[in-house]
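Let's take a friendly walk through this structure, one part at a time.

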Amino acid sequence: MGKDTGFLEIERRERDYLDAKERISHYREFVVPPDDETLASQGARCMDCGIPYCHNGCPVNNLIPDWNHLVYEQDWKNALDLLHSTNNFPEFTGRVCPAPCEAACTLNIIDQPVTIKSIECAIIDRGWDEGWVVPQVPETKTGKSVAVVGSGPAGLACAQQLARAGHSVTVFEKSDRIGGLLRYGIPDFKMEKHLINRRCVQMEAEGVTFRSSKEVGVDISLASLRENFDAIVLAGGSEDARNLSIPGAEMPGVRLAMEFLTQQNKRVAGDDEVRAAPRGSLLATGKDVVVIGGGDTGSDCVGTSNRQGAKSVTQLEIMPKPPEKEDKALTWPDWPVKLRTSSSHEEGAERDWAVLTKRVIGDGEKVTGLECVRVEWAEGKSGREMREVEGSTFTIPADLILLAMGFVGPKKPGLLEQAGVEYDDRGNVAADTDRYATSAEGIFACGDMRRGQSLIVWAIREGRQCARSVDEALMGSTQLPR
């Protein structure tokens, strides 16, 4: 693949960023795309490695060596066709996926993986610029109808596949705009929302109907969907946020990260403050901000706080600080646990690990600080156990505390209660990855609502596979790919 000796001759070169001082002055994307010559040379680095572990590292099993080679040969159109054969929305994954494919790349053994994510993003952006991305309208209709509940990446991927198979598909979304987590959970500086809008236009041309501001289980009953559709797909995501159970956490200055991020995304979309912040404006401007949770959502809160003009930003993580570099002999080609510094961290933030929060300090109305203690982790009888370090209590100044501690599963009231589905041991909707069928007849589930909080690329995979199962259940056979 690529150039036989390309990986020996050409250095890895990632995409560049605008300077931090410039990019925190706006909410637009700040990645500087490489030119065609650079991209071709990066594609040339793809080895003829025999077993392309990148295929397994990628949840949608992208045909990575094949389109790397096509980019090397400047055959962008065929590269796009191959990319779309496994991934409905590469412009999303090319921007916000953490690239487990690169972790699995053979060249990652020497910390020089192929820039797969950059090449993927360049292929799809080129496709849109050239007008190659067009609606794929089915030649015939099946006469069958499917309701997809939730318009995140899993719901959109499932809906698009089913529409292309000839089914009449309606997507129900409780928010005022289509996109789910893509729309309101990811800041615009990581992924601008016109990317979602143009996909919606394409999908509408393919026969998908979108109904926003319609919460199934509240505005529309599950029973009515049963009456009007031949199958129902639950793709509502994992939205039940893990809360902070310490004294003082009930104060108004302690808020969920998703509320904070959603408000800002609505402002960027042009909403006035009444629509963007119906519960009152949540802003970091001039405040000491503490973000609890060391994952991607926490990082997004850091970047948004800096753009809003926070006085200071501190991000806390209860787990110990991971190593700067993984042990390849133990981890490759799997996704390694190691220190990851995002572009938002580089824009300015204090980070601290192995910290347990103990008490929110304030007067009951206004937050002024956060009392914490340091912890140690050690192997115990039931696995890894945490213990507080005696005499390590300290206080962080805080006006605003944002909770980015993950999600415990889908919300049960309304939709899921009416559906009457069974749950797995973690509280997610129970359905296997063969049929994606729930315990309720004619109801399927995919994405985070089924697997728990995960990556966008996993949601796309599940949406595609679920669509195949639904098509087979309705028609007796299917031509849709897994």
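An α-helix has 3.6 residues a turn, so residues three or four places apart point the same way. Keep in mind that what you are looking at is a predicted model.

Next, turn to the charged residues. Side chains of opposite charge can pair when their charged atoms come close. In this model the count comes to 35 salt bridges. One of them joins Glu 29 to Arg 95, with 3.0 Å between the closest N and O atoms. Glu 29 sits in the loop between helix H2 (20–23) and strand E2 (31–32), while Arg 95 belongs to helix H7 (residues 90–96), so the pair ties together parts that are 66 residues apart in sequence. Are the two partners buried or exposed? Glu 29 is partly exposed, its relative accessible area being 22%, whereas Arg 95 is buried at 18%.

Another salt bridge links Arg 177 and Asp 271, whose closest N and O atoms are 2.7 Å apart. Because Arg 177 lies in the loop between strand E4 (168–172) and helix H11 (181–184), and Asp 271 in the loop between helix H14 (257–268) and helix H15 (273–276), this pair ties together parts that are 94 residues apart in sequence. Both Arg 177 and Asp 271 are buried.

Arg 267 and Glu 273 form a salt bridge as well, with the closest N and O atoms 2.8 Å apart. Here Arg 267 counts as buried, at 17% relative accessibility, and Glu 273 counts as partly exposed, at 32%. Salt bridges can also join into a network, as they do among Asp 111, Lys 325, Glu 326, Lys 328 and Lys 338.

Now move to Ile 10, in the loop between helix H1 (6–9) and strand E1 (16–17). Ile 10 is partly exposed, with a relative accessible area of 21%. Which residues does Ile 10 touch, leaving aside those up to four places away in sequence? They are Ser 41, Gln 42, Ala 44 and Arg 45. Ser 41 is 31 residues from Ile 10 along the chain, and the C-alpha atoms of the two are separated by 7.1 Å.

Our last stop is the empty space inside. Rolling a probe the size of a water molecule over the atoms shows where empty space is left. Searching the whole structure turns up three cavities of 30 Å³ or more. The largest cavity has a volume of about 90 Å³. Its lining is made of 14 residues, and Cys 46, Cys 49, Cys 54, Cys 105 and Thr 106 lie nearest its centre. The elements that give two or more residues to this lining are helix H4 (53–57) and helix H5 (64–72).

Definitions and conventions. Residues numbered from 1 in each chain as written. Predicted model: local features only at pLDDT ≥ 70, side-chain atom pairs only at ≥ 80, totals over all residues. Heavy atoms only, no water. Salt bridge = Lys/Arg side-chain N within 4 Å of Asp/Glu carboxyl O. Helix = DSSP H or I, 4+ residues; strand = E, 2+ residues; numbered from the N terminus. Buried < 20%, exposed > 50% of the residue type's maximum accessible area, 1.4 Å probe, protein only. Contact = heavy atoms within 4.5 Å. 1 Å grid on protein atoms, 1.4 Å probe; cavity = no way out; pocket = protein on both sides within 12 Å on 5 of 7 lines; lining within 4 Å. Points joined across faces, edges and corners; volume = space filled by probe spheres on them.
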